[in-house]
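Please go through the model below.

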Protein chains: 2
Amino acid sequence: MTDRDVDVLSRAPLFEALDEQGAKALRANVTEVRLARGQTLFNEGEVGDRLYVVLEGKIKLTRTAPDGRENLLSVLGPSEMFGELSLFDPRPRTASAIAVTECRLAGLGHDDLRPWLTGHPEVAVQLLRALAQRLRKTNDVMADLVFTDVPGRVAKALLDLAERFGQPGDSGLHVHHDLTQEELAQLVGASRETVNKALADFAQRNWLRIEARAVVILDIERLRKRSK
Amino acid sequence: MTDRDVDVLSRAPLFEALDEQGAKALRANVTEVRLARGQTLFNEGEVGDRLYVVLEGKIKLTRTAPDGRENLLSVLGPSEMFGELSLFDPRPRTASAIAVTECRLAGLGHDDLRPWLTGHPEVAVQLLRALAQRLRKTNDVMADLVFTDVPGRVAKALLDLAERFGQPGDSGLHVHHDLTQEELAQLVGASRETVNKALADFAQRNWLRIEARAVVILDIERLRKRSK
DNA sequence: TGCACAGTGTGACGTACGTCCCACCGCATA
DNA sequence: TATGCGGTGGGACGTACGTCACACTGTGCA
C-alpha cells in the first residue's frame, strides 16, 4: 500500500477517528482488491460481511427490480465507503457493486472490524455519524424524486458529481463521471432518452459541453438554479 | 413510567442490547413528553440533540419543500425511535415531528446518551444495526418511487401500516392508521386525488373497506400482488 | 338550528415523461 | 472494406398522474 493509499484511506469515516498508531494497526487488517472496468465485486442477494473503501477509481451500487430494470444508488470514488450495511446488519446484500472504471479497493471483514467497534468507541461513534449523514442525503434524494422534474434531477446529479470528481480547467469545470447516459438515467430515476434531451437542452443553453462519459460545466450558477 | 412503558421501551433498538440492570439505569435519564394531536415536537431547521422513542400514539416526520409542498418520511408508533440523526450528526433537524394522535414519548439527550455509547459498545453496535436497517428500507422506498405506480405504492404503504398497526378483526384486518388521505398521499409521494382514486378502486374490487382514517383489509393477497 | 370547515369523492383537462422508433457515429473485430 | 455493436441524438405517440374544479358528508361550534 502506497503513501497515497494511506492518505486516501485516512479520509474515510472509519479511520477519521483514529490516531496514527490506531490507523496503522487497522490498516494491517485491510486486504486490497483490484477490479477491471465492468467487473462485479458482489451481487445483490449474496451474503457478505465485508465493507470497502475506494482507493482508486469509481464503483457503482445498483439494484435490479424484479422485471430487470436497474436503479443506480450511487457512484463512489476515492475515500468513500460502501458495503457496510451487510456488516452492521447481517443480511444478504441489497445492491450489487460494479466497477465503473478500473479500480482498487480496500476491504475489511466483520471479524477484523468487530474488535475495533467494541474496543474503540470513537470508531463506532464516527460510523454512526457517517450513517446518519447518508440517511440524510438519501432522504434528500427521495424528496427530489417526488418534487423535482427530470431536468432538475439531472442538474442536481451533475452538480453532485462535479463536487466529488470535478477538476477545474481553463475551459470550465471538467467532470469526468465515467457514466454512460444510460447509467446517469438510472442514477436520477428516469429514462435514457429523457436524460439525453435534458443534457442536450443544457448544452444548447451553453450551461455545459457534453463529452464522452463526461461533461464540462460552463455556467455552474445557471445549473444550480435549474436544480432547485 | 408504567410497566407497560418499560416494556414498550425495551423493544426499542437502543435498549435491546442492555440487560435489565443497564436498561433501568438508562431509563433514569429519560424524560417523558406528551403531545396533543397536531402538536409539533420539533421543526425542520431547529437545532436539537435529543432522540425519542414513541411510548404511545403515533407521530409523523415531515419535510417541507421550498414551495411549501410537504413530504411524509414516516409514521412512527410504539417502540419506534426517531430524532437520532441530529444526535449522531450534529446538524439542524431535517424534518419536523408532529403528533398524528395524542401521544407520549420518551426523550433522551446527547449528554445522557454519550457515556452509554462509549461505555457500552454493544449499544453502539445495536444502533449501527438500526441505522443500517433504516438505510435499507429507505432505499427500498426510493426504488418504489422510480419503478412502482401510485396505486402500487398506496398498496405497499397500506401493507406496511397494516404490519405495524393492524389488528385482526372478524370482518378483516383493521388498520387504524390515523392518517388523512392527504397525509397518505404525502407518504407515497402522490396527489391526494390520485390516492383517493386508488383507494376507491381497491374498495370497489373488495380488497378493502375504507373507514375514517383507517382501512379494513379484506383480501391481503390481492393487495400484496398489486403492490409488486 | 345553522354555519363553517376539514375531509372525501369524482370528473375534465393538460402535460411531463415513458416507450417505441430509427438514424448516426466511432471503434473494434473479421 | 465490410459488419457489427455500444453509445448518442432526437422525433412521434400514448398515458399516468398532477392540477383545477365542484359537490357531498360529517362534526364541531355559535
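Is Ser79(A) buried or exposed? Ser79(A) is buried, with a relative accessible area of 14%. Buried means under 20% relative accessible area, exposed over 50%, and partly exposed in between, with a 1.4 Å probe and protein chains only.

## Basis of the report

This is a predicted model, in which local features need pLDDT of at least 70 and side-chain atom pairs count only at pLDDT 80 or more, while totals for chains, interfaces and linings use all residues. Residues are numbered from 1 along each chain as its sequence is written, chains are lettered from A and ligands numbered from 1 in the order in which they are written, and side-chain values use heavy atoms, with hydrogens and water left out.

Ser79(A) sits in the loop between β5 (70-76) and β6 (81-82) of chain A. Helices (H or I, at least four residues) and strands (E, at least two) are DSSP runs, numbered from the N terminus.

Leaving aside neighbours within four places in sequence, Ser79(A) is in contact (heavy atoms within 4.5 Å) with Val8(A), Arg11(A), Ala12(A), Pro13(A), Val53(A) and Val54(A). The side chain of Ser79(A) reaches the backbone oxygen of Val8(A) at 2.7 Å. Ala25(A) is 54 residues from Ser79(A) in sequence and 18 Å away in space, C-alpha to C-alpha.

## DNA strand D

There are 16 residues around DNA strand D. A residue is near a strand if one of its heavy atoms lies within 4 Å of it. Gln181(A), Arg192(A), Val150(B), Ser191(B) and Thr194(B) come nearest. α9 (192-204) of chain A, α7 (150-165) of chain B and α9 (192-204) of chain B each supply at least two residues of this surface. α9(A) gives the most, with 5 residues. By class, the surface has 4 nonpolar, 6 polar and 6 charged residues. Ala, Val, Leu, Ile, Met, Phe, Trp, Tyr, Cys and Pro count as nonpolar, Asp, Glu, Lys and Arg as charged, and the others, Gly among them, as polar.

Of the atoms of DNA strand D within 4 Å of the protein, 52% belong to sugar or phosphate and the rest to bases. Polar side-chain atoms of chain A reach both parts. Asn196(A) lies 3.1 Å from a phosphate oxygen. For Arg213(A), a side-chain N or O atom is 3.2 Å from a phosphate oxygen. Lys197(A) has a polar side-chain atom 3.3 Å from a base oxygen.

## DNA strand C

Around DNA strand C there are 16 residues, of which Ser191(A), Thr194(A), Gln181(B), Arg192(B) and Asn196(B) come nearest. The largest share of the surface, 5 residues, comes from α9(B). The classes are 4 nonpolar, 6 polar and 6 charged residues.

A side-chain N or O atom of Thr194(A) is 2.6 Å from a phosphate oxygen of DNA strand C. Gln181(B) places a polar side-chain atom 2.7 Å from a phosphate oxygen. A base nitrogen is 3.4 Å from a side-chain N or O atom of Lys197(B).

## Helices α5(A) and α6(A)

The axes of α5 (residues 110-119) and α6 (residues 121-147) of chain A come within 5 Å and cross at roughly 100°. The two helices are therefore roughly perpendicular to each other; that term covers angles of 65 to 115 degrees. Axes are lines fitted to C-alpha atoms, for helices over the stretch in contact, and angles run from 0 to 180 degrees between N-to-C directions.

Trp116(A), Leu117(A), Thr118(A) and Gly119(A) in α5(A) meet Pro121(A), Val123(A), Ala124(A) and Leu127(A) in α6(A). These residues divide into 6 nonpolar, 2 polar and no charged.

Notes:
Parallel < 35°, antiparallel > 145°, perpendicular 65-115°, else oblique. Polar contact = N/O pair within 3.5 Å; in protein donor to acceptor, adjacent residues only side chain to side chain.
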